[in-house]
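Dear colleague,

My notes on its salt bridges and on one of its helices follow.

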Amino acid sequence: MTVFIDNKYTRWYNALIEKRRVECYVGYTERHHIIPSCMGGSNDPTNIVSLSAREHVVAHWLLTKMVEPKWYRKLEYAFGSMLRKSKEQQRKLTPLEAARCKEARSLARRNVSTLLNPSTRKKWVESMQRVITA
C-alpha cells in the first residue's frame, strides 16, 4: 500500500532524495528519514539521507504536498517543527519558509483543517476521524 500520491511534488521529492543518495552534499547536513518516522519509517541506514539544511526544509514541505489526507496532519506538524533547532543546527529559514512552517504548525494544531471547499473539508474531517478512532 503506497501512501504517496503520484504528483509533481512526489517526483521532486524523489529526485532530491536520489540526488543526495548519489552525490553527497559538502558542508553542514541534517539527517532526513526518507519514509518519515510518523509514517512507520525506520532508522535503518537505507531510510536515512543527509541533506543540506535548506534541502531538509524543502523535503518536509514536499512531504506535506504528496501524502494521502490521513497523514497530512502529522506531516504538517513535522514541517512546522522545522522552526525548532538545537544549538548544533545551522538551519536558517527565509521569511517565506518560516511563514510556511508557522502556518503548517498552526494547521496541525487545529482539530479541523481550513480547507476552502466545504465538501472536501467534510471528507477530510471524516477521514481524520476514522484514523483517530482506528
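Please note that the model is a predicted one.

Glu 97 forms a salt bridge with the side chain of Arg 54, at 2.0 Å from N to O. Glu 97 belongs to helix 4 (residues 95–109) and Arg 54 to helix 2, so this pair ties together parts that lie 43 residues apart in sequence.

Arg 20 is buried, with a relative accessible area of 8%, while Glu 23 is partly exposed at 44%. Arg 20 and Glu 23 are also linked with Glu 55 in a network of salt bridges. A further salt bridge joins Arg 11 and Asp 6 at 3.4 Å, N to O; Asp 6 counts as exposed, with 67% relative accessibility.

Helix 2 covers residues 53–65. At 1.5 Å a residue, its 13 residues should span 18 Å, and the 19 Å between its end C-alpha atoms agrees with this. The helix is mostly covered, as 10 of its 13 residues are buried. The buried residues include Glu 55, His 56, His 60 and Trp 61.

Yours sincerely

Notes: Residues numbered from 1 in each chain as written. Predicted model: local features only at pLDDT ≥ 70, side-chain atom pairs only at ≥ 80, totals over all residues. Heavy atoms only, no water. Helix = DSSP H or I, 4+ residues; strand = E, 2+ residues; numbered from the N terminus. Expected span 1.5 Å × (residues − 1). Buried < 20%, exposed > 50% of the residue type's maximum accessible area, 1.4 Å probe, protein only. Salt bridge = Lys/Arg side-chain N within 4 Å of Asp/Glu carboxyl O.
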